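Hi everyone, thanks for coming. Let me put the picture up.

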Amino acid sequence: MTQPPELRPRTRLVHGGTVRSPFGEMSEALFLTQGFAYPSAEAAEARFVGEDPGFVYARYGNPTVRMFEERIALLEGAEDAFAAASGMAAIHAAIMCQVAAGDHVVASRALFGSCLYIIETLLPRFGVQATLVDGPDLDAWRAAMRPETKLCFIESPANPTLELIDIAAVARIAHEAGARLIVDNVFATPMFQRPLALGADIVVYSATKHIDGQGRCLGGVVLGTRRFIRDELEPYMKHTGAALSPFNAWVLLKGLETLELRCRAQAEGAARIAEALAGSPALSRLIYPGREDHPQAALARRQMSSGGTMLALELRGGKAAAFRFMNALRVALISNNLGDAKTIVTHPATTTHQRLSPEQRAALGISDGLVRVSVGLEDPEDLIADLARGLEAARNGD
C-alpha cells in the first residue's frame with residue numbers, strides 16, 4: 001500500500017499492492033503453498049507471536065492473497081482488507097465477528113436471499129435480534145435503532161430491484177446510535193460508488209461478480225479500518241476457515257487490472273439498452289438508476305458516478321411472459337450470476353429469491369414478471385436487438 005496517493009484508479013488497478021520475488025516476474029507470483037518454512041525455531045516463535053511480520057499458514061494469509069487485499073484496499077480507499085472464499089463468506093464474517101447474544105442488527109428489507117437468511121434466520125439462533133426496515137425510509141431507520149443496536153446492513157443498489165438507500169444518511173443515523181454501517185456494494189462496484197467516503201464503516205464485495213468479471217472463480221472481500229480488519233475480523237476468519245485460495249486470488253488480481261475498463265463499457269451499454277427499451281409495450285416498468293425516471297434518480301446522481309451495469313425489466317404477463325422473453329434470447333444467457341463479460345438474465349422469483357414467500361417477494365417489489373439483466377461486454381446494438389426480440393416474444397406469446 002505504498003503507491004503514491006496521486007495515482008488514479010486505473011493505475012492502481014494495474015500496479016497496486018504488487019510484491020515481486022527475486023526473479024522479477026511481470027505477472028504477480030502465484031504462491032500455491034499451505035505453509036511456510038522458518039530458518040530457525042526462534043524465527044518461528046517470533047513469527048507466531050507477531051514480533052516478526054510474515055506468513056505462517058495459508059488459512060491465515062498468503063502472499064498472493066495479500067496482494068489482492070492491498071490492491072482492492074487502495075482502490076476502495078480503505079485502510080485494510082481481508083479476503084474470503086466467497087461473497088457470502090465475506091458478509092457472514094463481517095457481521096458475525098462483531099455481534100454477540102443480546103445485540104441487535106437493523107437491515108434494509110431489500111436484500112439478496114442469502115443475506116436475508118443470515119439476518120432473519122441465523123442471527124436469532126445466536127441470540128442476536130434483527131429488524132428489517134424499508135431502506136429508503138430514513139424515519140424507519142431512526143425508529144428501529146435501540147441502545148443495543150450494533151450494526152446496520154444495506155445493499156445499494158439492492159438486488160434485484162435496484163432500489164437505492166441514502167448511504168450517508170443511514171451512516172449518520174447508525175453513528176448517532178453507536179452502531180456501524182456495513183454496505184454491500186457489489187451492484188455499484190468500487191468504480192461507481194465509494195461507501196467509505198459516504199460515511200460507511202465497512203464495505204463487502206462478492207469478488208465473484210465484477211471483480212473477476214469473467215465467470216471463473218469465487219471470492220469475497222471485506223474492507224474497513226485496519227483496527228477492525230486485524231483486531232475483529234482477522235481472528236474470526238483465521239479460526240473459522242473461510243480463506244480465499246491463492247489461485248482464486250491470482251485470478252482476481254488479473255480481474256482488477258481491467259475492472260475500470262470493463263465496468264465503464266458495461267455501464268455505457270446498460271444506459272444505451274435502457275434508453276432503447278424504455279416505453280416498450282411489453283414492459284410495465286424498466287428500472288435503471290441512471291435514468292431520470294428512476295424513483296431515486298436524484299440520490300443516484302448524488303452517490304453514484306454512473307447508473308451501473310445492472311437493469312431490471314418488469315414484463316406484463318407475469319412469469320409466463322418473463323419465461324417467453326428469456327427463452328427467446330440468442331445472445332444473453334440465462335444464469336443467476338452477474339457482473340460477467342457475458343450478458344446474463346435472471347428470473348429472481350424462481351431462482352435467487354425463490355426461498356422467499358410470495359408475500360415477501362411482493363413486499364420487496366419482486367414480481368413474477370421481473371427479470372434482472374446484468375449487461376456484459378457484447379456490442380450494445382446486438383444486445384438491444386436480442387432483448388427487443390425477447391420482448392416481442394413475450395408480448396406475442398411466441
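**Salt bridges, pockets and cavities**

Let me begin with Arg291, which counts as buried at 17% relative accessibility; buried means under 20% relative accessible area, exposed over 50%, and partly exposed in between, with a 1.4 Å probe and protein chains only. Before I go further, a word on the source: this is a predicted model, where local features need pLDDT of at least 70 and side-chain atom pairs count only at pLDDT 80 or more, while totals for chains, interfaces and linings use all residues. Residues are numbered from 1 along each chain as its sequence is written, and side-chain values use heavy atoms, with hydrogens and water left out.

So, which side chain does Arg291 meet in a salt bridge? The partner is Glu275, at 3.0 Å from N to O. By salt bridge I mean a side-chain nitrogen of Lys or Arg within 4 Å of a carboxyl oxygen of Asp or Glu. Arg291 sits in the loop between strand 8 (283-287) and helix 12 (297-303), and Glu275 in helix 11 (residues 259-277), 16 residues apart. Helices here are DSSP runs of H or I with at least four residues, strands are runs of E with at least two, and both are numbered from the N terminus.

How many salt bridges does the structure hold? There are 25. Another one pairs Lys254 with Glu28 at 2.8 Å, N to O. That pair links distant parts of the chain, 226 residues apart: Lys254 belongs to helix 10 (residues 246-257), and Glu28 to the loop between helix 1 (9-15) and helix 2 (41-48). Glu28 is buried, with a relative accessible area of 5%.

Then look at Asp80 and Arg230, whose side chains meet in a salt bridge at 2.8 Å, N to O. Because Asp80 lies in strand 1 and Arg230 in helix 9 (residues 226-240), this pair ties together parts that are 150 residues apart in sequence. Asp80 is buried at 2% relative accessibility, whereas Arg230 is partly exposed at 23%.

On a 1 Å grid over the protein atoms alone, a cavity is a set of points where a 1.4 Å probe fits but cannot get out, and a pocket is an open set with protein on both sides within 12 Å along at least five of seven lines; lining residues have an atom within 4 Å of a point. Grid points are joined across faces, edges and corners, and a volume is the space filled by probe spheres set on the points.

The largest pocket has a volume of about 480 Å³. Of its 22 lining residues, the closest to the centre are Gly54, Tyr60, Arg230, Glu234 and Lys238. Which element gives the most to this lining? Helix 9 does, with four residues.

The second largest pocket holds about 380 Å³ of space. Among the residues closest to its centre are Met88, Phe112 and Lys209.

Finally, there are two cavities of 30 Å³ or more. The largest cavity is about 60 Å³, and its lining includes Tyr60, Glu69, Phe82 and Leu244. The second largest cavity is about 30 Å³, with Pro157, Phe187 and Met310 among its lining residues.

Thanks, everyone!
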